[in-house]
Amino acid sequence: QVQLVESGGGLVQPGGSLRLSCGFSILGSGFYAMGWFRQAPGKEREFVASISDSGEYTNIADSVKGRFTISKDAATKTMSLQMSSLKPEDTAVYYCNAGPWPLRSNRGYWGQGTQVTVSS
């Protein structure tokens, strides 16, 4: 079983930066990729970024490539999403996810979500 807790969302102006964190705990054995999805009002949940269990591999959605960076710290059991050059279209609820690689929106474990609003 995997427990995920997101933090770090909020209101930011266009062009600004924000860092999301996901604290994780894994009960028992298992290897999980981790990542982020987001869901804007009226839209389907979409993939944002993922990182393999070892941290060796990452995958970033084209829509955020070059602006978002994903990282993972096994010692502190924290996964982070550094977001920069934010745009209004990045506004969404961001969800932390853990599951088999590659991550999919219809499987795995989920956090409760954190709101990110990009607006002036």
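Where in the chain is the place of Ser 80? A few notes on this predicted model, starting there.

1. **Ser 80.** You'll find Ser 80 in strand 8, the run covering residues 78-83. With a relative accessibility of 6%, Ser 80 falls under the 20% cut-off, so it counts as buried.

2. **What Ser 80 touches.** Leaving out residues up to four places away in sequence, Ser 80 is in contact with Arg 19, Leu 20, Ser 21, Trp 36, Thr 69, Ile 70 and Ser 71. One of these contacts, Leu 20, is worth a click if you have the viewer open.

3. If you were looking for a helix, the count is zero, against eleven strands in the chain. Read from the N terminus, the order of elements is simply β-β-β-β-β-β-β-β-β-β-β.

4. **The disulfide.** Searching the whole structure turns up one disulfide. The partners are Cys 22 and Cys 96, and their sulfur atoms sit 2.0 Å apart. As a reminder, a disulfide is a covalent bond between the sulfur atoms of two cysteines. The angle about the S-S bond is -75°, and the link of Cys 22 and Cys 96 is left-handed.

5. Cys 22 belongs to strand 3 (residues 18-26) and Cys 96 to strand 9 (residues 92-99), so the pair ties together parts that lie 74 residues apart in sequence. Is Cys 22 buried or exposed? Cys 22 has 0% relative accessibility, so it counts as buried. Cys 96 is buried too, its relative accessible area being 0%.

6. **Overall size.** Along the principal axes, the C-alpha atoms fill a box of roughly 45 × 30 × 25 Å.

7. **Burial and contacts.** Of the 120 residues, 39% count as buried. How much of the contact set joins residues at least 24 apart? Taking contacts between residues at least 6 apart in sequence, that share is 56%.

8. The chain has an accessible surface of about 6,300 Å², and carbon and sulfur atoms account for 48% of it.

Notes:
Residues numbered from 1 in each chain as written. Predicted model: local features only at pLDDT ≥ 70, side-chain atom pairs only at ≥ 80, totals over all residues. Heavy atoms only, no water. Disulfide = S-S within 2.5 Å. Helix = DSSP H or I, 4+ residues; strand = E, 2+ residues; numbered from the N terminus. Buried < 20%, exposed > 50% of the residue type's maximum accessible area, 1.4 Å probe, protein only. Contact = heavy atoms within 4.5 Å. Areas by Shrake-Rupley, 256 points an atom, 1.4 Å probe, with all protein chains shown as cover.
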